[in-house]
Amino acid sequence: TALTFVDGGDGGPGDLLAVTEGHQVSVWDVRAAERGGCVQRLTPSNAELLAVDVAPGGGGGGVPILGVSGAERNIAVIDTRRWSVRGRWPGCLKYAATSLHFSQHDPRVCFAGGDDYEVVCGHWSSDRGQRGTKSRLCSFRGDARWLGLSATPSASGVGTTILGGWSEVGSIFVSHYKVDKPALLG
């Protein structure tokens, strides 16, 4: 199970909470908790979902998009206006996608960590025929399984994202990714 808050599109704190539950993602309105609170339930996958992330303005016009990934090795991107799958990145990893993070500089770019030691960076697409290798921008491998991955914008460079990871043997990896130069910088 993974969860994240979905902002309202104005950059402020969100009142919606997205939770992966098996092969579904449910969306809860925290203001309506006493009335049950579930406002949406989607099934973007036939297998267990393991990660969820939000790109605040990724849907255009300040509307957030929601991304989920899991055992099927796919990333599904959900439009929060229509609550439907807007795009996918099929076969992005060799094993289950246990971690997912959107680039805050370009919401079409996301980072996914696998159940092994692989991390990929690539474009999700609304073109249903696009396969994972065509979408991949760069990738790297750690020295053991990932225990956690996180992405944040860099304060030192416009359009640069810092990706950090902690591996099972205690190693910490830090990588920089620049949006206009699709490669890891270090």
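Arginine 41 counts as partly exposed, at 39% relative accessibility; the label covers values between buried (under 20% relative accessible area) and exposed (over 50%), found with a 1.4 Å probe and protein chains only. Arginine 41 also forms a salt bridge with glutamate 21, with 2.9 Å between the closest N and O atoms. Here a salt bridge is a side-chain nitrogen of Lys or Arg within 4 Å of a carboxyl oxygen of Asp or Glu. This is a predicted model, in which local features need pLDDT of at least 70, side-chain atom pairs count only at pLDDT 80 or more, and totals for chains, interfaces and linings use all residues. Residues are numbered from 1 along each chain as its sequence is written, and side-chain values use heavy atoms, leaving out hydrogens and water.

**The whole protein**

- The protein has one helix and 16 strands; helices (H or I, at least four residues) and strands (E, at least two) are DSSP runs, numbered from the N terminus.
- Of the 186 residues in the protein, 48% are buried.
- The accessible surface comes to about 8,900 Å², and 50% of this belongs to carbon and sulfur atoms; the areas come from the Shrake-Rupley method with a 1.4 Å probe, and for residues only the protein chains shown count as cover.
- Among contacts with a separation of 6 or more, 38% are between residues 24 or more positions apart; a contact means heavy atoms within 4.5 Å.

**Confidence in the model**

- The average pLDDT is 84, and 84% of the residues score at least 70; pLDDT is the predictor's confidence in each residue, from 0 to 100.
- Over residues 129-133 the pLDDT is below 50, and this stretch has seven contacts in the model beyond near neighbours in sequence.
- Where pLDDT is low, the predicted coordinates should not be read in detail.

**Salt bridges**

- Side chains of opposite charge can pair when their charged atoms come close.
- The structure holds nine salt bridges.
- One of them joins glutamate 21 in strand β2 (residues 16-21) to arginine 41 in strand β4 (residues 38-42), so the pair ties together parts that are 20 residues apart in sequence.
- Glutamate 21 is partly exposed, with a relative accessible area of 34%.
- Another salt bridge pairs aspartate 79 with arginine 81, the closest N and O atoms being 3.7 Å apart. Aspartate 79 counts as buried at 5% relative accessibility, whereas arginine 81 is partly exposed at 48%.
- Arginine 108 and aspartate 106 form a salt bridge with 3.0 Å between their closest N and O atoms. Aspartate 106 is buried, with a relative accessible area of 9%, while arginine 108 is partly exposed at 48%.
- A network of salt bridges links Asp15, Asp29 and Arg31.

**Around valine 30**

- Valine 30 sits in the loop between β3 (24-29) and β4, and counts as partly exposed at 41% relative accessibility.
- Not counting residues up to four places away in sequence, valine 30 touches Phe5, Asp15 and Leu17.
- From C-alpha to C-alpha, valine 30 and aspartate 15 are 5.6 Å apart in space, and they are 15 residues apart in sequence.

**Aromatic pairs**

- A search of the whole structure finds three aromatic pairs. Rings of Phe, Tyr and Trp (its six-membered ring) pair if their centres lie within 6.5 Å; planes under 30 degrees apart count as stacked, over 60 as edge-to-face and the rest as tilted.
- Phenylalanine 111 and tyrosine 177 form an edge-to-face pair, 5.5 Å centre to centre with 85° between the planes.
- Phenylalanine 111 lies in strand β10 (residues 109-114) and tyrosine 177 in strand β15 (residues 172-178), so this pair ties together parts that are 66 residues apart in sequence.
- Phenylalanine 111 is buried at 2% relative accessibility, and tyrosine 177 is buried at 2% as well.
- The rings of phenylalanine 140 and tryptophan 146 have centres 6.1 Å apart and planes at 85°, so they too are edge-to-face.
- Both phenylalanine 140 and tryptophan 146 are buried, and ring pairs link Phe140, Trp146 and Phe173 into a cluster.

**A nonpolar surface patch**

- Leu147, Trp166, Ile172 and Val174 make a nonpolar surface patch of about 440 Å². Patches are made of residues with over 30% relative accessible area and no salt bridge, with like charges joined within 9 Å and nonpolar side chains (Val, Leu, Ile, Met, Phe, Trp, Tyr) within 5 Å.
- Tryptophan 166 is found in strand β14 (residues 160-167), and counts as partly exposed at 46% relative accessibility.
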